[in-house]
Amino acid sequence: MRSVIIGIGNPNFKDDGVGLKIVEYFEGVVDTVTLLNIGFNLIDSLLGYDKAVIVDGVKTGKEPGSIIEFNAEFWGDVYASGTHNFSIFEIIRIGYSVFPEEMPKEIKIIGVEVEDVETLSRQCSPSVEDAIPKAVSKIKEYLGIN
Amino acid sequence: MHYTASVKAADAVYGVEPTPTAKKIRELFYNAHYVEDHTGILYALGFPDFVCGPTASPAERNLVGLVLKVGADVGKLVLKKRYSAVKIFELTSGRPSHPVAALPGGWSKRITEEERKEILACADDCIELAKLTLDVFDKVVLQNKEYMALVTGDVYKVVTNYIGTVDENDKVTYYDGTQKIVDTKGNELGRFKGIQYLDYIAERTLPWSYQKAPYLKKLGWNGLVDGDGTSIYSVGPLARFNVGSGFDTPLAQEAYEKMLAAFGGKPVHHTLAYHWTRAIELMHAAETVKKIASDESITDPNVRQELGTPVGEGVGIVEAARGVLIHHYKTDDKGIVTDANLIVATTHNKGPMNIAVKRAAQSFIKNGKVDEGILNLVEIAYRPYDLCFACSTHTLPGRIPVRIDIIDHHGELVKSLRNYELS
């Protein structure tokens, strides 16, 4: 089974880099990809894999450092109304519509609730930093990595 | 786009010109990015309005809906061919996205002969993609009387001045050239390069917006109004069409002449024509990639100039996919930036976009009757500009929030529509 972990974010904007930091734990263990922003490049990164995990900082109003998991049931109901960029969910739906055979059978999105994505810093907020090992454990469990 | 504007500004900060080979590779890289960018905007954001219908619900009016209408095979072909542009991006800049090759005065990623041949093969894919795109546009929009009435009608029409970049033969170009200004009738108002932009563009701060409103300095601020005498201007694909005398590649020139004939001249002020010009430019960029990759001298190893002491100030201007992009840096004697000003396409287009939204609202909201379809009819008004708000907010579920408040003549709120849920 081929798996990929995709981290999304900008390492220079404090908590925005949390997805990239989490991906670092898996370099050399499974295939990893880092994206500063997303478009069709997300589909490029997903094609050919059986299982994929996408990790990103998110802002949903929960406590900073909370880990939120999204799956197909969630994104199946989301439509973008865009001007220039697309949401993760929209891109994944496009991928399944156009490449049903080549897209992963399973995709899980792990979101870490961010606190500050505006300060120029490579250090995450303490609460977000604390969430990193928890997110790593969840991904290991999901992908069956010891 | 910002990456290239930034390295051009860095060239200027060091007072150095990139080597001829580095310049060619940068231009190759830049045009490949145009192919990828225009493809995404057209298929994901522009075409669905026409293929799925202007008032279709967001659930249908997207690339998935487009694929359902035109067929999964077309969708697959588009995304696969588009990947060839991404491949060129990787071959010229070291990575498929987020390039790592720019240096002041040069470019760190050389191109081998094998890579050049691979780029040539990818360029053919890009040209095929452009042919397909012009064909889709022709079948879906140009052959549909109802849509053509929308494209050439007065609702989606904003009469402004235009700024775009041209080469020494007055043809449209993207990586480097001279910025040319024409008025609402197409008369030339001036040309500038680099720091001269300060003589032509002024930015006005508005009390109601975080965004400044640029205008033509020599005409003075006349407010956010269009029509003859306005001092606001537009940038982007339609502006380039209006400013340039055509394209320097055969298939793009052919498509340009077809559009010119359809409108019976220029400037064209119909904003939905932005999508048409975007499709033409997709062809132009693809042909330009092929032209540059056909030049064996791009494998020359001389890709970097020696750097001296920074001169302390530099301006880099490129024609980003969505319009003129200006990076202006001031630095200390070590080249560290101490002051920076960026004027991006979405800022240049602030005035035209506001007028476009107002016109659409005034046209579609009648007798207090509004419905959900109006949200999209207004979105259609600004979508051609491909406006770029920060992508880094990471707000789930990822929608662009749009709210329309209907206010009556007493100033009372009648109705509020939005495309998002309140948490």
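**The hairpin and its sheet**

Modeller: Let's start with one pair: Tyr329(B) has Ala340(B) in β11(B) as its bridge partner. Ile326(B) is bridged to Ile343(B), also in β11(B). Before going on, note that this is a predicted model, where local features need pLDDT of at least 70 and side-chain atom pairs count only at pLDDT 80 or more, while totals for chains, interfaces and linings use all residues. Residues are numbered from 1 along each chain as its sequence is written, and chains are lettered from A and ligands numbered from 1 in the order in which they are written.

Those bridges belong to β10 (residues 323–331) and β11 (residues 337–343) of chain B, which pair in the antiparallel sense over six bridges. Pairing here takes at least two DSSP bridges between the strands; helices (H or I, at least four residues) and strands (E, at least two) are DSSP runs, numbered from the N terminus. In general, strands of a sheet pair through backbone hydrogen bonds, either parallel or antiparallel. β10(B) and β11(B) make a hairpin with five residues between them, and in the turn Gly335(B) has a positive phi of about 90 degrees.

A contact means C-beta atoms, placed from the backbone, within 7 Å of each other.

Stepping back, chain B has 13 helices and 13 strands. Its radius of gyration (over C-alpha atoms) is 22 Å, which agrees with the value near 22 Å for a compact globule of 423 residues, by the rule of 2.2 Å times the number of residues to the power 0.38. The C-alpha atoms fill a box of roughly 70 × 50 × 50 Å along the principal axes. For contacts in chain B between residues at least 6 apart in sequence, 70% join residues at least 24 apart.

What about domains? The assignment, from an automatic or database source, gives chain B domain 1 (17–157 + 270–305) and domain 2 (349–418). Their centres, over C-alpha atoms, are separated by 28 Å, and 13 residues of domain 1 are in contact with 13 residues of domain 2. On the domain 1 side, the elements giving two or more residues are α2 (20–51) and α10 (273–293) of chain B. α2(B) supplies the largest share, four residues.

Note on methods: Contact = placed C-beta atoms within 7 Å.
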